[in-house]
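Please look over the structure shown here before reading on.

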Amino acid sequence: MTTDLPTTAPTVLEVRSLSVEFALRGGTFTAARDVGFKLQAGRTLCLVGESGSGKSVTARAMMQLIDAPGRIARGNIMLGGAGAPVDIATLNPRGEAIRAIRGRRIGMIFQEPMSSLSPVHTIGAQIVEVLRLHLKMDAKQARARTIELLRQVEIPDPERNIDRYTFEFSGGMRQRAMIAMALACNPQVLIADEPTTALDVTTQAEVLDLISRMQRELGMAMLLITHDMGVVAEVADDVAVMYRGKIVEAGPVDEVFHNARHPYTRRLLSSVLKLERTSELKQAPAAAAAEPILSVRDLGKVYQPRKSLLSRTPKVAVKAVDGVSFDLMAGESLGIVGESGSGKTTLGRLILRIVEPTDGAVTYRPQSGAPIDVRGLDKQGLRNLHQQVRLIFQDPFASLNPRMTVRQIIADPLVVNRIASGAALEARVSELLGMVGLDPAVMERYPHAFSGGQRQRIGIARALALNPRILIADEATSALDVSIRSQMLDLLLELQQRLGLSFLFISHDIGVVRYFCDRVAVMRRGKIVEIGAAETICTAPEHPYTKALISAVPHPDPRHKRMRTRTHLDA
């Protein structure tokens, strides 16, 4: 299937009937089937779909970067431009011809810059290597060009940062360095594979602005791969929707968003639009309780610098959390939002004393008995607290032991705390699986047999095993596709109503927080700068930082592009 896109701009690259297969023990798996589209100079085609739909495989095929045992089974990838067209699909993946195309005629921005950039070479050395290989520059010319590239992608003080290593850059800075490398040789085509997935909303907006500006200046054709329909609405000229390895719908961005024909496209759009409003599952607030279930007062964490014999520059102490105070009421969901590095995750760990606070107080009020001073608890007291205040982890892949069955994973807190064994343990695991919408028959399987959404359900079942009163959800839905994300939020809301849970919901996603939470606290540089009702914070914020944060959230409607008029906040 080839997309029917406007033909006014010249076609730079055309994919025709592309199929990519992986040889497995039990047969052949087709990751992409009869995929076709055109990339035109100066236009952006967004390839969208959920994880596993074939987006990244298609992009890697365009660079002959498919890992074994994968291969291009059939189809053509015609690269035009100067000279005769080249069919990339026929080139040797390790040959000189494809090496001359990678980086020179086709640039690629990978999803995770930390694993795509070398940790043992400076940022500058990696870009210099690209320039010397493809443009035959001498060392002095290549260094000067690299400094200019770093300046173009708005990396501050490029003369100094050119000699820094990957680990010395933030996530946004690494992605800027990756963009500089991809654009070093002024390629005809830019492939951006989920370039903002790991970034918070303000950094995402800056990176998308940068990519769009560089594309306009260089007149490149761009393929942007994403599962975020808000990003698509903000930057795309054309859209191709992938589902189970096939393109099921394609066209101009306005047509796809406002006249979607395929059921999968409509489902994808409805999932993202759902998060633009408050959930219908949220109940009206109950009468205010006399006392909060959790009180945090002037909580702080200061990380002292480590002494180094090698470093001449004196290091200063870092205030990760600075004088944070709030109350969490019984049955309430309080959202904690902010950019990466604002102190959100550290705050959750301080409450559980996974990290020891430097100052402040945390008070937990059990159903019976006196309030508990969390900072004063001994080892046994902390164990008792951790039965009632549980954590849902961010990554559903890394947080489950791959050597344990689902039954062992969910039963682990019950076994460790000597609460159940034998038939009672088996019955409780079955009950918990049913509670999160999984068939108890799967309990003898291992985590690798489940999707990301199913793994997160397993993680939630484990968190519920000890009948907690408070759940701290640390970016619990950020690793999930948008349709699975809305399902997971609905599941948590249903569990909250059924079990009377209170949530501390840590997230950088404003849409998720508005949908799920009753109140929101906005964190910046370790402090809470604004706190109030979720709807008020999200629609009529008062603090300049909150305004900047909300204005950077992409709007899932190409007719109302929020990021173009976003509020910029000075450092």
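How many disulfides does the count come to by the distance rule? The rule takes a disulfide to be a pair of cysteine sulfur atoms within 2.5 Å, and the count comes to 0. This is a predicted model, in which local features need pLDDT of at least 70 and side-chain atom pairs count only at pLDDT 80 or more, while totals for chains, interfaces and linings use all residues. Residues are numbered from 1 along each chain as its sequence is written, and side-chain values use heavy atoms, with hydrogens and water left out.

A disulfide is a covalent bond between the sulfur atoms of two cysteines. For Cys-538, the closest cysteine sulfur is that of Cys-517, 8.8 Å away, which is too far for a bond. Cys-538 is also buried, at 8% relative accessibility; buried means under 20% relative accessible area, exposed over 50%, and partly exposed in between, with a 1.4 Å probe and protein chains only. Cys-185 is buried as well, with a relative accessible area of 3%.

Cys-46 is buried at 0% and lies in strand E3 (residues 44–48). Strands (E, at least two residues) and helices (H or I, at least four) are DSSP runs, numbered from the N terminus. Leaving aside neighbours within four places in sequence, the contacts of Cys-46 (heavy atoms within 4.5 Å) include Leu-224, Val-232, Val-235 and Ala-236. Pro-93 is 47 residues from Cys-46 along the chain, and their C-alpha atoms are separated by 25 Å.

Now the chain as a whole. Its secondary structure comes to 20 helices and 20 strands. The radius of gyration, taken over C-alpha atoms, is 25 Å. The globule rule, 2.2 Å times the number of residues to the power 0.38, gives 25 Å for 571 residues, so the chain is as compact as a globular protein of that length. Along the principal axes, the C-alpha atoms fill a box of roughly 80 × 60 × 45 Å. Buried residues make up 54% of the 571 residues. Of the contacts with a separation of 6 or more, 70% are between residues 24 or more positions apart.

E19 (residues 519–524) pairs with E20 in the antiparallel sense over 6 bridges, and Ala-521 stands opposite Ile-531 in E20.

In H13, Gly-381, Leu-382 and Leu-385 are buried. Seen down the axis of H13, the buried residues fall within an arc of 100°, so they line one face of the helix; the arc is that of the directions from the helix axis to the C-beta atoms.

Strand E14 leads on to E11 (residues 294–303), which pairs with E14 in the antiparallel sense over 5 bridges.

Notes
Two strands pair if DSSP finds at least two bridges between them.
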